[in-house]
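This report concerns a protein model and the contact between its chains. Please keep the sequence and the structure in view while reading.

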Amino acid sequence: MNTSGFFVTGDPMIYGADVSIVLATVAIIASLTYLKKWGWLWKEWLTTVDHKKIGIMYLLSALLMLFRGGVDAILMRLQLAVPNNRFLASDHYNEIFTTHGTIMILFMAMPFMFALFNMVVPLQIGARDVAYPALNAISFWFFFIGAMLFNLSFVIGGSADSGWLAYPPLSEDQFSPGPGQNFWIWGIQISGIGSLATGINFIVTILKMRTPSMRLRDMPLFTWSVLSSSIAILGVFPILTVALIMLTIDRLFGGHFFTMDAGGNPMMWVNLIWMWGHPEVYIVVLPAFGVFSEVVATFSKKHIFGYASMVFSMIAIAVVSYYTWVHHFFTMGAGADVNIVFAICTMIIAIPTGVKVFNWLFTMYRGRIRLTQPMLWFCAFVPCFLVGGATGVMLAAAPADYQYHNSYFLIAHFHQVLIGGVVFGYLAGLYYWWPKLFGFKLNDRLGQWGFWLWQIGFYVCFMPQYALGFMGMTRRIYTYNQSAGWNMGWAPLNFISSVGAFIMGLGFIFQVWQILYSIKHGERDTTGDAWDGRTLEWSIPSPPPAYNFAVLPVVHGRDAWWHQKEEMRIEDYKPDPVKYEPIHMPKNTGIPFIMSCFFFVAGFGFTFEWYWMGIIGLIGVAITLFIRSFQYDTDFYIPVDEIERTEKDLRSHGSFHRTAT
Amino acid sequence: MNKWIQYSKYSFFSLLVAMLVTGCDRSKYIVLDPKGPVGQQELDLIIISVILCAIIIIPVTAIFVYILIRFRDKPGNNAPYQPEWQDSKVLEIVWWGIPVVIVAILGVYTAKTTINLTKPPVKDVKPVVVQVTSLDWKWLFTYPGQKVATVNYAVIPTGVPIQFVLTSDAPMNSFWVPQLGGQEYTMPGMSMGLWLQADKPGNYFGSGANFTGRGFAHMQFRVKAVSQADFNLWAAGLKKSSPALTKAGYGDLSKPGNVKELSFSSYPKNLYENIVNKNGGIYYHHMHNMGDSMEMQKTTMHKHNH
């Protein structure tokens, strides 16, 4: 066992991180012990299979990772603010942009998306949980453990530094020896398995767990977006898994899949990683489209316009996204014919995306628009995504891409669609469903501050980057000299861009403040229907009871809750008498958490090429799986009197509109 | 609070305006200021794509702002309210149709330009071949016609199509001279082709565009375009006054590190071909080269039998 270089040394920032990690860990352990909360932590959270709690855990981790990725971004912008800056050394900068990209896509966007899946889908379709609750917990813990393993590289062993997509041969042993690249492989591999399982889980949940009266064509659009996104996950995450295994074989066992020397080919990696990587961006943006569809309809007090067209366009996006991956390497010498086909496929995907924007606009048309926080984020999304989409079409024109490729123009484009589309969308979703999950609204004033700082920061940060691309600045350079800075004009724009990054960071701080402030002072929601919503999740109390629906709702067509409310407004409305039946629920289980810990051990072992440790970890995973397969006592029934008690409690404290008789 | 929001809006717009004003010096936007036919064709395509995109963006943004103001949920707003209106076949056909037409137009231009760029920009002038090898972290240029070599700068004649053939003896990089035209990857074990041409003499900025590790940020080079006569003089001058690049010299050069501009009067025979083959060029016969009349590629292909 070689432990030299085990701890990262030599950088004061890293030592600072070491200290803060130790302090935070000690503080958490001490306060849990002092408050005697270990049992609570285990029973309520670590072993939970409740989709709502899993959603909340995803959400917390995503926000934490947004912070980490954001700090990375700000460090990079600091380094590039002036020419010849010596704030970060090349190697350190390279590690930071690699972790920034990896974290933002895989450990921020993905868990944020899964948070929304978990928090919303079962409630929207009138289900009591997802199809496979224990698998859902496994998915979460795999993601969490993978993310932690990846983050650990920061202080132990060193981070990967070959870019977030790790092109060989740079990512092979020859050019990237040491554990950094292995951390990247195993962090993504473990969490990627969890993502695949989530995709499967939600496909089955949506197809099989809907309340019996809900037809596919009655499903809310967010649920449709989750379905199309999950189908894309099912299609492409296995590619990622296999590619990572191949790279592992290259690095750990002397394979040559991705080196030319013994008959491999780095192009094979580039193809595989983008066959996953391109659909991946649609995987994360589709649910954001779903969020906007809900938000726009609710806050325009109108049915969504062109429902069928919306559903069709989402499915079309999910399918066409499989056929666009080559546009990430038009300049890799494919023939003209290949480039033309993929250029046109890439442009085609803009069509259904554009159609969605029209449909949202005409949902607002002849509606009554309330500019609430979720709606504000939608309004910010529209112009941002229009421009981002347009630059995407510009990039898709292959010969023009020969000029944009790997330049700051590209950086500006994908941040515009990923922040403007995905982050704005998820934040809209966060504000929209927050009262449902937590029972109170987030403070509006602080939210406005956060919103405007984000908007200003965004444009100040990324608009100059388009210009920098036209000035010939390429991505991933850690510094530029005086001549490029002043004669070529890079310095002023880089400085402005850095200012923008700080403004965005400030926006995020306001949002964190907003959440902390609102926990105490936020407007409590006693109705369960904080926004005058249209879909089923608003028909139950906030926060929902463990079983969600005391009785499975009966749905007649789309916007089920809206129609029910219309009925209730009729004067002689008499609710049907409610007859409760015992509810079948899954039992908590510690297996997912324990299994993930073993996976962590395995990942850590293989990262340092300590095979004994890796094998112990994998044996542990196998044993936990084995034990789980012999657990028969995995479910229970909530008795009727307990349901009655819970419902009475939940519905007595306010103006809740449905009373059981 | 509202005052502050107003204030931020104003400062935001004034910043945008400031950026546009400072950005008026067009010569700084080198991608938009091409000095040769390849860059010019790419710029034409860029302009076409911008116009086509603007046709969508501008009206849609206008409609969006109008709807947002007209249908706000304010007391006394007497705009029509139709909560049940949710379908219109005509409207849907219109907005599925418009983007289809735009994509079709852009697609045609894209296809045309893509095919054009695989051929030398002018047909009646004999092209010059420049071999490019990206190393950790520098650029080696070898001239099979002139038998000279340079590092981190290249000299080319104006008005002559240049067939750059590209490979790498290090992680893959990308060869980019924005004012002459778009880039192409350099990859170990593969030989790729890129047609560029300079119509005006001058020094053009070039850089590696694909990340290759620690010294990547310093992998910039200059392409100096001179008249054909000056080009000949330059090559002859190198022959007389510069040292030779030996095998050992190349060995040193290929070690990781950054260097300044260097010139060599000669280089080992078949250096470029050997670099490609050393890195596993068994796929050589599959290589797509944009210039299919280049001797160098054909001879190597036949000589190299696995």
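The text below treats the interface, then a surface patch, and then some features of the backbone.

**The interface**

The model is predicted. Chain A brings 104 residues to the contact, and chain B brings 94 residues. Between chain A and chain B an area of about 8800 Å² is buried, and carbon and sulfur atoms account for 73% of that area.

How many salt bridges does the rule find across the interface of chain A and chain B? The rule finds 1 salt bridge there. A salt bridge links the side chains of A:Asp91 and B:Arg214, with an N to O distance of 3.2 Å. Across the interface of chain A and chain B there are also 27 residue pairs in polar contact, with both residues of each pair at pLDDT 80 or more.

Which element gives the most to the side of chain A that touches chain B? That element is helix α15 of chain A, residues 444-470, with 12 residues. Sorted by class, the side of chain A that touches chain B holds 62 nonpolar, 30 polar and 12 charged residues.

**A nonpolar patch on the surface**

Five side chains of chain A deserve a separate description. A:Ile245, A:Ile249, A:Phe253, A:Phe257 and A:Met268 make up a nonpolar patch on the surface. Together, these residues have about 410 Å² of accessible area. Helix α7 of chain A, which covers residues 221-253, gives the most to the nonpolar patch, namely 3 residues. A:Phe257, in turn, is placed in the loop between α7 and α8 (266-300) of chain A.

**Features of the backbone**

| Peptide bond | Geometry | Omega |
|---|---|---|
| A:Pro168 to A:Pro169 | cis | about 0° |
| B:Asp136 to B:Trp137 | cis | near -5° |

Where do the residues that follow these bonds lie? A:Pro169 belongs to the loop of chain A between α5 (133-152) and α6 (179-208). B:Trp137 belongs to the loop of chain B between β1 (128-135) and β2 (138-143).

A further backbone feature concerns A:Asn84, a residue other than glycine whose phi is positive, near 50°. A:Asn84 is located in the loop between α3 (51-80) and α4 (90-124) of chain A.

Note on methods: Residues are numbered from 1 along each chain as its sequence is written. Chains are lettered from A and ligands numbered from 1 in the order in which they are written. This is a predicted model: local features need pLDDT of at least 70, side-chain atom pairs count only at pLDDT 80 or more; totals for chains, interfaces and linings use all residues. Side-chain values use heavy atoms; hydrogens and water are left out. Contact means heavy atoms within 4.5 Å. Buried area is the accessible area (1.4 Å probe) that two parts lose on being put together, summed over both. A salt bridge is a side-chain nitrogen of Lys or Arg within 4 Å of a carboxyl oxygen of Asp or Glu. A polar contact is a pair of N or O atoms within 3.5 Å; within protein, one must be able to donate a hydrogen and the other to accept it, and residues adjacent in sequence count only if both atoms are side-chain atoms. Helices (H or I, at least four residues) and strands (E, at least two) are DSSP runs, numbered from the N terminus. Ala, Val, Leu, Ile, Met, Phe, Trp, Tyr, Cys and Pro count as nonpolar, Asp, Glu, Lys and Arg as charged, and the others, Gly among them, as polar. Patches are made of residues with over 30% relative accessible area and no salt bridge: like charges are joined within 9 Å, nonpolar side chains (Val, Leu, Ile, Met, Phe, Trp, Tyr) within 5 Å. Accessible areas come from the Shrake-Rupley method with a 1.4 Å probe; for residues, only the protein chains shown count as cover.
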